[in-house]
Amino acid sequence: SLLDLVIFGRACAKTIAEENTPGEKIGDLSANAGEASVANLDSIRFADGQASTAEVRLKMQKTMQTHAAVFRTGDVMREGITKMNALWKDMENLKVSDRGMIWNSDLVETLELQNCMINAQQVIESAEAREESRGAHAREDFKDRMDEYDYSKPLDGQTPLPMEQHWRKHTLSWTDNSGKTDLKYRPVIDHTLDEKECKWVPPAIRSY
């Protein structure tokens, strides 16, 4: 949101000003910096397969709408993962008709499809792995939120669960060019940038 951008943008700028000085030397770029991006652009621009960008995009859209909607189950998402995995074969068989470099919407839409495919794959695999309900991620087969503490009770005296036994953690994901996706996790940061200015607010149980 705009509020996030203003707050964290300001914090980022202040940190840069504190830790760096004008004219300070930055690290050298590698000799082949940017070559992978140019090679990918050329590979897409001259793609001469059978599947159009619009066809693959529509298949991806319908797969995600059907198998990774707000209300989810593991079985449905696993079916979706299988369908998404199959779509990556179509990504290797794309057809781009416009070879030009001026106002090439065919090229731009295909580059956008690459990003959307990565995003969709990571979303559905992360959601299938997360066996709980939290926010807009509502599992019909795991209806409760799984935190390290029982936040409906006072925290004093409670022992936190190890990170592998709860889901109050961030998902990190990596997807390669074939769609293979690896997931890892990192803890949630439970302190603010300035404790004096703004103290941490512990999570609360969402109730209506």
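This is a predicted model: local features need pLDDT of at least 70, side-chain atom pairs count only at pLDDT 80 or more; totals for chains, interfaces and linings use all residues.

Residues are numbered from 1 along each chain as its sequence is written, and side-chain values use heavy atoms, with hydrogens and water left out.

Let me start with helix 5, residues 105-129, where helices are DSSP runs of H or I with at least four residues, strands are runs of E with at least two, and both are numbered from the N terminus. The axes of helix 4 (residues 74-91) and helix 5 come within 9 Å and cross at roughly 155 degrees, which makes the two roughly antiparallel. Helix 3, residues 53-67, packs against helix 5 at an angle of about 25 degrees, with the axes 10 Å apart, and these two are therefore roughly parallel. Axes here are lines fitted to C-alpha atoms, for helices over the stretch in contact, with angles running from 0 to 180 degrees between N-to-C directions; under 35 degrees counts as roughly parallel, over 145 as roughly antiparallel, 65 to 115 as roughly perpendicular and the rest as oblique.

Is Trp103 buried or exposed? Trp103 counts as exposed because its relative accessibility is 82%, the classes being buried under 20% relative accessible area, exposed over 50% and partly exposed in between, with a 1.4 Å probe and protein chains only.

Ala36, in helix 2 (residues 35-45), also has a value in the exposed class, at 62% relative accessibility. Its C-alpha atom is separated by 32 Å from that of Arg10, 26 residues away along the chain.

Tyr149, by contrast, counts as partly exposed at 24%, and is found in the loop between strand 4 (138-139) and strand 5 (169-175). Tyr149 and Leu161 are 12 residues apart in sequence, and their C-alpha atoms are 6.9 Å apart in space.Last, the largest pocket is lined by 18 residues, including Ile7 and Asp194; a pocket is an open set of points on a 1 Å grid over the protein atoms alone where a 1.4 Å probe fits, with protein on both sides within 12 Å along at least five of seven lines, and lining residues have an atom within 4 Å of a point.
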